[in-house]
Amino acid sequence: MKPQFPNRFDLVSLSGPRGKSFSQREDAFQQLVGEGLQCLAGPYAHVAATKGRDGSIDAWLEASLDIPSPFHGLPAPTIIECKDHDDTLPNFIKNVSSGWAKVKEKLKGEAENGWSGLFAPWKNACGYAYCVSAVLHQSARESLTKEIQQFFASLTVDQRPPIQAVRILDWTDLRAWLSTMARVSDAWLGTGSPAILTYSEYQTSLKGFREYLLGSRLPFVSPGLASPTSPESLLSTLVNNSEKPGILLVGPGGVGKTRTSFEVARLAEQQGWRSLHVLPDEPGITSEDLASAVLPGNSSTLLVFDYLDQMQRLDLGALRRYLIPQAEQRGMRLRFFANCRPGWLRESRPARDELFATINLRQDVAQQEKIIHTMILTAAPQCLNRFGETELLRICGRRPIIALLIARELERRLLAGTLDSFEFAKLRTGDLLHWLRKRLADDGMKVDVPPSPLVPSRPSGVMVAAATAFICAPNPPETLVRAAAIAAETYGESCNARFIVTALESLGWLVKSSGSWLAAAHDVVADEVFDQVTFEKGYVHEVQFAAVLSAWPAAENIVGRLATALRRVIGAIENQDAANVLQGAAASWLGAHALSIGQYLASAGPGSADSTSYALGATLNGIPWADVAAQKWSDLISPWLACHGTEAAARHLLYRGLSRDESASKLVIPSLVWLKSFLDVYEASFVLAPLLGRTDLEPPTAQQAVAVGQIWLKKFPETFGRPDSYSPRCWVELTLNLLLLKKSLRSRWLG
């Protein structure tokens with residue numbers, strides 16, 4: 001569920017980015033109420049800064065508010081006073097009275113001075129709202145109201161503001177109102193999910209290499225306002241498209257998809273939209289998570305999905321069936337902006353295509369040069385002065401992310417006095433591995449160095465270990481160290497894997513992700529190192545390739561990591577023949593290791609069923625392993641199903657496998673068995689829906705599926721009795737699926 005403001009006001013509960021910026025209760029309370037007023041009344045609300053304005057008006061409203069709020073009906077202009085009182089203290093009511101006494105003395109003095117300066121709005125004030133952060137009982141509320149009314153009545157006619165109404169508002173009045181405003185709640189409480197961040201939270205989270213997404217760190221190079229891929233055009237297309245609620249921005253790694261998505265979100269925020277960034281972090285978000293973050297509320301909301309193709313747990317069909325209708329019922333404008341690699345489009349995804357209009361992001365030569373020039377100017381200004389733009393462009397190359405990483409390392413070395421100008425002149429363009437070798441060698445590790453900087457070298461165990469660490473991320477550092485060590489030993493050259501992982505982190509190529517986990521600074525970095533170590537010009541270095549994949553026993557989720565990384569790398573290869581070569585090598589490898597992997601995942605330790613389910617689900621999720629997994633079913637999948645097939649964790653494997661033609665037929669019976677145990681939970685729909693969506697069910701099996709579906713519909717006829725329950729339209733659709741399936745069965749039987 002989305003976080004709600006608590007029953008008692010306290011700083012600890014304010015865990016959003018705005019809430020965390022305050023250390024004093026009174027400052028936080030005043031600004032929280034003020035930002036609620038600004039969200040409610042826009043330019044008609046004026047809020048004083050917390051600091052440097054002591055004694056001034058906290059906030060005031062120019063116009064009366066007709067929309068529901070604690071301030072509804074107060075005549076304008078309305079003065080708002082905010083006072084913090086800790087109602088967990090004994091005799092706090094006395095503190096409330098003392099607080100008003102101090103305000104009264106202040107106002108009395110300002111009245112005698114003619115309401116001048118910052119207090120000038122009092123001359124025309126018709127309403128007065130006295131807000132306290134405590135929860136007041138009725139007698140205290142009535143007593144305080146009477147005291148305030150008597151004060152204004154006691155002023156002389158020439159000093160008395162034209163106050164017509166006084167209203168006392170305590171935390172009970174305010175918290176319910178503040179919770180209804182999504183943008184205020186997001187800023188002060190967060191979304192409740194570490195993988196769903198508000199725009200402010202996302203900005204704050206950008207550390208290390210990801211700081212370059214910020215305009216203050218690296219200016220955005222626009223393709224021009226008229227371009228269909230400019231943030232302005234994309235947002236306009238998204239908002240005005242009546243056919244599809246989403247845009248899927250497609251392009252190769254490093255082309256600028258994430259930065260463009262961020263700029264679209266920034267513009268949306270400026271135009272009053274609520275932007276939420278959905279991340280592919282572990283364990284991954286679900287449609288239920290999104291519903292909790294988006295609902296309740298009625299603010300226009302933009303969901304920005306970074307790397308949509310990596311979100312294994314997200315059921316796009318559920319967004320269409322459940323979340324969109326529920327948003328429509330609330331009068332909410334809901335839009336989706338996502339990005340992915342081109343390879344994902346080669347796979348059939350009807351739910352994706354129903355939600356998203358596809359737009360390709362490509363940079364022409366002129367824009368690409370501007371981007372790289374901006375990167376070099378930002379990351380390596382001293383190198384630019386010393387070596388000139390032409391030489392730096394040659395060394396950094398024409399791929400923006402790679403160029404930025406190399407430019408940063410060049411600048412670091414120049415400032416440290418370790419940049420060899422002679423070697424510099426002979427470097428290959430965009431050679432990322434050269435700088436990794438240099439860093440390891442500088443720190444005392446023996447690495448292979450090419451006989452000439454102009455020719456490639458045979459990848460060493462060190463490079464194999466580095467490639468493995470990248471391809472197995474994100475994961476905890478210890479897991480990456482273990483994976484890198486296994487790969488190097490398999491290759492026959494043991495090395496200090498911990499040192500390598502530490503070096504990659506110090507280079508900024510591995511960065512902190514969720515908690516203490518490490519992730520690649522960018523997928524392009526992982527793919528480039530993996531490509532140079534294992535695959536070159538359509539030829540697979542089989543020994544190195546097998547060594548990298550040999551890291552699968554390092555942790556239960558590594559098989560899933562390998563499947564995801566290979567799918568990403570293969571999908572990014574433009575030459576289909578070359579892509580087929582790598583896909584064939586990956587398929588052959590899994591075929592040879594399916595039995596060992598299957599036994600390992602089935603017998604993993606207690607509490608591992610969820611991670612192993614997702615790992616196997618990744619092998620069924622398209623290229624390069626879905627076909628092999630189906631062929632090696634008894635080796636790879638059956639052992640796990642025998643151990644965990646009736647557990648809740650099997651939901652993901654069943655959902656993923658039922659959605660693929662290669663594996664669906666093998667999961668029909670296991671799914672029916674699983675459903676019989678979980679018909680009492682609404683999550684069963686995520687197995688039931690793809691099962692009923694199969695058109696290849698044999699009549700006896702289809703009859704069982706229909707019967708199970710009818711039982712489930714009776715248990716959940718319309719709602720779940722929850723405040724965020726999904727729209728009844730989803731049940732109509734599910735019922736229709738059942739009827740269509742029955743009709744299909746009757747046709748078969750009659751035939």
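**View 1. Arginine 183 and its salt-bridge partner in the predicted model.** Arginine 183 is partly exposed, with 30% relative accessible area. The model shown here and in the views below is predicted. A salt bridge links arginine 183 to glutamate 269, with 2.8 Å between the closest N and O atoms. Arginine 183 belongs to helix α5 (residues 182–189) and glutamate 269 to helix α8 (residues 257–270), so the pair ties together parts that are 86 residues apart in sequence. Glutamate 269 has a relative accessibility of 18% and counts as buried, because the cut-off for buried is under 20%.

**View 2. The salt bridge between aspartate 186 and arginine 274.** The side chains of aspartate 186 and arginine 274 meet at 2.5 Å, N to O. Helix α5 holds aspartate 186 and strand β8 holds arginine 274, so this pair ties together parts that are 88 residues apart in sequence. Aspartate 186 and arginine 274 are both buried.

**View 3. The open sheet of six strands.** The strand order is β6-β8-β9-β10-β7-β11, and the pairing is mixed. β6 (196–198) and β11 (356–360) are the edge strands, each pairing on one side only. On average, neighbouring strands of this sheet are turned by 20° against each other, direction ignored. Strands of a sheet pair through backbone hydrogen bonds, in parallel or antiparallel fashion.

**View 4. The pairing of β6 with β8.** β6 and β8 (residues 274–278) run antiparallel and are joined by three bridges. Isoleucine 196 stands opposite valine 278 of β8. Arginine 274, the salt-bridge partner of aspartate 186, also lies in strand β8.

**View 5. The salt bridge between lysine 715 and aspartate 680.** The two side chains meet at 2.9 Å, N to O. Lysine 715 lies in helix α32 (residues 699–715), and aspartate 680 sits in the loop between α30 (661–678) and α31 (685–692), so the pair ties together parts that are 35 residues apart in sequence. Lysine 715 is partly exposed, at 41% relative accessibility. Aspartate 680 is exposed, with 59% relative accessible area.

View 6. Across the whole structure, a search finds 30 salt bridges. Among them are the pairs glutamate 269 with arginine 183, aspartate 186 with arginine 274, and lysine 715 with aspartate 680.

Terms used. Residues are numbered from 1 along each chain as its sequence is written. This is a predicted model: local features need pLDDT of at least 70, side-chain atom pairs count only at pLDDT 80 or more; totals for chains, interfaces and linings use all residues. Side-chain values use heavy atoms; hydrogens and water are left out. Two strands pair if DSSP finds at least two bridges between them. Helices (H or I, at least four residues) and strands (E, at least two) are DSSP runs, numbered from the N terminus. Axes are lines fitted to C-alpha atoms, for helices over the stretch in contact, and angles run from 0 to 180 degrees between N-to-C directions. A salt bridge is a side-chain nitrogen of Lys or Arg within 4 Å of a carboxyl oxygen of Asp or Glu. Buried means under 20% relative accessible area, exposed over 50%, partly exposed in between (1.4 Å probe, protein chains only).
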